[in-house]
Amino acid sequence: GFGAVFHTINPRLHQDQIVSMTKHDEDRRMLVELGCIEQFMAVRDRLETVETVILLTDRAHMPADIPPDVLCYEELLAAEDGDFEWPDFDERSASTLCYTSGTTGHPKGVLYSHRSTMLQAMGCASPNSAGVSHADTILAVVALFHGNGWSIPYLAPMTGAKLVLPGRDMTMEFLHRLIKDEGVTLSMAVPTVWLSMLQYLEETGEDLAPLGKILTGGSAPPSAMMETLDRQYGVTIRHCWGMTETQAAAVMSMPSPDLDATAAALARTAQGTPLYGHDMRLVDDESG
């Protein structure tokens, strides 16, 4: 919002990769989630360009052995009066830097502009995509460093939707409790998460209400899983495909209402059709 570039870092990367990318990108400020403090401390002395480190917690939860120059996020907020004058800058200037997390070799950095970020969030929030509104509560199971967080950090505040961040606890018991306690209506995660959730539901006899819609990506969702979620739990799956290079989802499976039940079920397992704002070209070995 003030013109800085937001660089997300995957804490699962090798230490040398984390150090290399922060140096290459000349990162100056680093915000560290409390659950990643061990990874941070392992590379702290090698972060040559980082001038300020802020731990995302309050004073009561600051680790006793944390270096004295590490700042406390909640204390920084409390010291401000909230009177901030938002600057004007070119919408095509850099906004977010996200590295690939599933490629061979070293991660590749992709730089997004403020304009592209806004347009991507608008496309993902549209009825032909995630269909998000201020009445929704979104559970962001997908990591925010993966594929630009599937645009969740931007489409939620854009639409006024409530955003639920589970942190690093990916147990089905915890995620299910969040769905129930927070009133989650929409969630986004890879199919393996929902296969595990189905197993949890079968073992416990629980349901998923008020969850009504799931977005998946990364691999095709099994037809049996989609049918079970729809028939037994009233949850519709929309499958999407995208890359770090496309900023988030580029295509979405939205079967035509003209299809019969069998054809529609098959269409839902495919990647789908391009979202508004995406130009795509299919090639083969001869036409590429």
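A residue is called buried when its relative accessible area is under 20%, exposed when that area is over 50%, and partly exposed in between, with a 1.4 Å probe and protein chains only. By that rule, tryptophan 86 is exposed, with a relative accessible area of 61%, and phenylalanine 84 is partly exposed, at 43%.

The model before you is predicted, so local features need pLDDT of at least 70, side-chain atom pairs count only at pLDDT 80 or more, and totals for chains, interfaces and linings use all residues. Residues are numbered from 1 along each chain as its sequence is written, and side-chain values use heavy atoms, leaving out hydrogens and water.

Let me turn to the cores. A nonpolar core is a set of buried Ala, Val, Leu, Ile, Met, Phe, Trp, Tyr and Cys residues joined through side-chain atoms within 4.5 Å. The largest has 25 residues, and Leu139, Trp194, Met197, Leu208, Leu211 and Leu229 have the most contacts inside it. Helices here are DSSP runs (H or I, at least four residues), numbered from the N terminus. Two or more residues of this core come from each of α6 (172-182), α7 (191-204) and α8 (223-233); α7 gives the largest share, six residues.

What does leucine 208 touch, leaving aside its neighbours within four places in sequence? With contact meaning heavy atoms within 4.5 Å, its partners include His176, Ile179, Met197, Leu229 and Tyr233. Apart from this core lies another, of 21 residues, among them Ala125, Val142, Ala249 and Leu275.

In general, nonpolar side chains tend to be buried together in soluble globular proteins.
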